[in-house]
Amino acid sequence: MSNPDHYKILIADDDKEDLFLIEEALTDLGHGAKYVFNGIEVLEYLEQCATLPCVIILDLNMPKLNGTETLQTLKKDARFEHIPVLIYSTSINPFEKEKCARLGAKDYVAKPITHHAILTTMEYFISFIKD
Amino acid sequence: MLEIARVTLQNEMDLILANKRAMVLAELAGFSIGSQTTFATAVSEVSRSAIERCNDGCLTLGVNDERKRDKYLFAAIKESGPRFIENENIANAQRLADKFTIVNTADGNTLSLDFFIPGSAKLTAPVIESWKTHFINEPPFSPYEEIKRKNEQLQLVASKLLESESQYKTLTNSLPINIFSLNLQQEIVYANEWLTSYSGCTIESINRSKWQNVIHPDDYKNFSNLLKRATVSESTPIKIQSRLKQFASDKYLWHLVSLSPIKDDKQNIVYWIGFLVDINAEKIVEETLQENRILSEKQSQFRQKEKDLQEDITELNRSNTELSQFAYIASHDLQEPLRKMILYSDYLVNKNADKLDARSVDYLKNMNHASYRMRTLIEDILSFSQVNNKELLLQPLDLNVVIQQSIADYEMVITESKAIISTEVLPIIQADPSLIQQLFNNIISNALKYSREAVPPIISINAKNENDEVTITISDNGIGFEEKYLDKIFTLFQRLHGKQAYSGNGLGLAICRKIVQLHNGSIYAKSAVNEGSTFFIKLPIKNG
């Protein structure tokens with residue numbers, strides 16, 4: 001369990017139904033994460049957090065600053081560009097995938113559609129955590 | 001020399017006339033009776049000699065005023081032919097005259113007799129002029145003289161006419177146009193030299209052929225109508241345009257043909273005067289202008305059509321874009337709630353199954369399956385609309401790598417179905433990697449999917465390079481399809497097989513066709529039921 005402002009995982013997704021299951025799964029796996037609802041909140045959190053997260057999970061379709069815009073901003077900022085960013089989206093469109101890879105995303109993960117896949121995906125996120 | 005009277009010498013009657021005239025003139029000149037007779041006798045003698053020698057002599061009576069103060073009556077005989085021969089008559093005349101001369105010239109001979117006029121110093125020109133009037137006004141001396149006078153007048157008129165006609169011909173021949181006259185039988189009566197030199201045809205041959213040897217065949221009907229109209233009464237000049245053959249160039253040149261009627265006192269048409277003027281240059285300019293006008297009209301029509309077409313294309317593009325944007329947005333936004341349905345039903349079935357009875361689990365499973373199908377459908381619509389909107393990223397692409405990736409993507413199915421995929425060495429082409437990957441994935445997955453029951457799929461991939469183009473053939477040994485469905489398979493939502501037996505939603509090949517079209521290629525297939533299918537994909541090796 002991470003302390004506030006010391007979260008190892010930062011997840012940005014405006015979809016509360018998704019977050020509901022992610023939070024449940026991460027908790028079941030014994031982990032916590034910082035949940036924000038758009039790209040602006042990602043940047044705000046990074047500016048004020050005590051330690052930077054080990055991995056950032058970005059949904060693509062978000063209000064204010066969407067996933068790709070956030071990704072671009074992060075990759076241009078020397079303080080954050082080293083943090084692996086995983087794109088986490090409903091879209092499994094290869095063009096989208098291609099674009100995110102070009103912009104520097106570490107990986108592109110399709111949002112799971114089964115309980116089993118949710119657990120597997122969360123384990124994958126957790127695997128980025130470094131002590 | 002002042003001429004007062006003249007007598008042509010042809011016969012005995014003229015001799016009498018000559019004698020009479022000489023008498024009258026001598027009387028007018030104030031000669032004594034004796035001198036009158038002497039003068040008349042001398043004139044008679046030379047006249048007789050002239051009549052006997054030839055009959056074209058001419059006697060001229062007049063006053064010789066060459067010696068200023070002294071004036072003489074003179075009688076001169078002019079005749080053509082040989083020199084005068086001294087004969088008795090001439091010798092007699094010579095004795096009687098005060099002066100006698102003979103002049104021989106190339107034209108003929110002139111014999112002159114001069115008789116002194118007494119008191120001639122006082123003789124004035126008006127007096128001599130009055131003698132002339134006397135002779136003109138004098139009534140004919142005899143019926144013979146009357147006839148002779150009329151004859152002379154006629155000859156004068158005739159000679160004037162001849163002179164005028166010759167002037168007229170010279171004039172018309174010097175004109176740069178053809179002037180001709182036609183009689184009422186439409187025959188050329190007169191034409192200036194222009195017509196024969198221009199056409200190289202004689203007037204006779206033009207008349208014989210009724211102008212057919214000169215007028216262009218296409219214009220002849222019109223021209224011949226003009227001639228026919230000329231037979232009926234027309235008061236104004238009638239005009240047409242017609243082509244006439246020029247002998248020198250063997251070409252037909254445009255001419256203006258005009259006919260004007262010439263009428264007598266009773267307004268009857270006697271004949272026609274016509275002219276032909278070369279208007280070829282004007283005609284060519286006119287035709288060129290006309291052609292230019294037609295051309296520019298056509299051009300503006302063409303431009304308008306082009307504009308309309310461009311507008312149609314723009315409108316079509318706009319509505320196409322709108323439609324594909326709609327498809328994208330609709331399918332994209334549908335994905336999200338659908339995924340939740342699948343996910344939450346899965347949670348119920350797989351996480352909370354122990355809290356549900358068996359029937360409820362079945363219901364949920366069915367719901368879950370249906371949701372999955374809907375998901376595939378939405379994904380395909382999305383993918384189709386994305387292909388449509390995608391910007392092509394052309395780069396060298398090794399098709400061997402693409403095929404290996406497809407095989408890797410379907411590894412599980414290939415293993416399960418014991419499929420055998422053989423492939424030739426494929427070329428490197430200029431193409432969009434993700435689209436081409438999708439293309440081959442779709443074709444290969446179809447070949448794997450539509451296999452015959454209990455028959456392991458055999459898929460062979462071959463390539464043939466031809467004219468900067470590669471044709472890739474992908475053949476399978478699957479269920480195939482009737483060739484009459486060939487057109488259908490590449491269109492949206494066309495399924496040839498039931499959903500229960502084969503999954504899919506009829507978008508795969510439509511997407512393939514779209515991808516191939518984006519690469520300026522083509523796709524077609526050959527198949528027979530239970531004999532497998534072969535897909536032919538033609539792609540340019542160097543695109544763009």
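Strands β8 (residues 238–246) and β9 (residues 251–263) of chain B run antiparallel and are joined by nine bridges. Strands here are DSSP runs of E with at least two residues, helices are runs of H or I with at least four residues, and both are numbered from the N terminus. Two strands pair if DSSP finds at least two bridges between them. L244(B) stands opposite L253(B) of β9(B). Four residues lie between the strands of this hairpin, in which D250(B) takes a positive phi near 60°.

This is a predicted model, in which local features need pLDDT of at least 70 and side-chain atom pairs count only at pLDDT 80 or more, while totals for chains, interfaces and linings use all residues. Residues are numbered from 1 along each chain as its sequence is written, and chains are lettered from A and ligands numbered from 1 in the order in which they are written.

## Five-stranded sheet in chain B

An open sheet of five strands in chain B has the order β12-β14-β15-β17-β16, with mixed pairing. Its edge strands, β12 (420–423) and β16 (522–527) of chain B, each pair on one side only. Neighbouring strands are turned by 15° against each other on average, direction ignored; axes are lines fitted to C-alpha atoms, for helices over the stretch in contact, and angles run from 0 to 180 degrees between N-to-C directions.

β12(B) and β14 (residues 458–466) of chain B run parallel and are joined by four bridges. T423(B) stands opposite I461(B) in β14(B). In a regular strand the side chains alternate between the two faces of the sheet.

## Surroundings of I515(B)

I515(B) belongs to helix α15 (residues 508–518) of chain B. This residue counts as buried because 27 C-beta neighbours lie inside 10 Å; the cut-offs are 20 or more other C-beta atoms within 10 Å for buried, 12 or fewer for exposed, and partly exposed in between, with C-beta atoms placed from the backbone.

Not counting residues up to four places away in sequence, I515(B) touches V387(B), L435(B), Q438(B) and L439(B). Contact requires C-beta atoms, placed from the backbone, within 7 Å. L435(B) is 80 residues from I515(B) along the chain, and their C-alpha atoms are separated by 6.3 Å.

## Interface of chains A and B

In chain A, 13 residues are in contact with 18 residues of chain B. Helices α4 (94–103) and α5 (115–126) of chain A each supply at least two residues of the side that touches chain B. α4(A) gives the most to this side, with three residues.

The side of chain A that touches chain B has four nonpolar, six polar and three charged residues. Ala, Val, Leu, Ile, Met, Phe, Trp, Tyr, Cys and Pro count as nonpolar, Asp, Glu, Lys and Arg as charged, and the others, Gly among them, as polar.

How values were computed. Contact = placed C-beta atoms within 7 Å.
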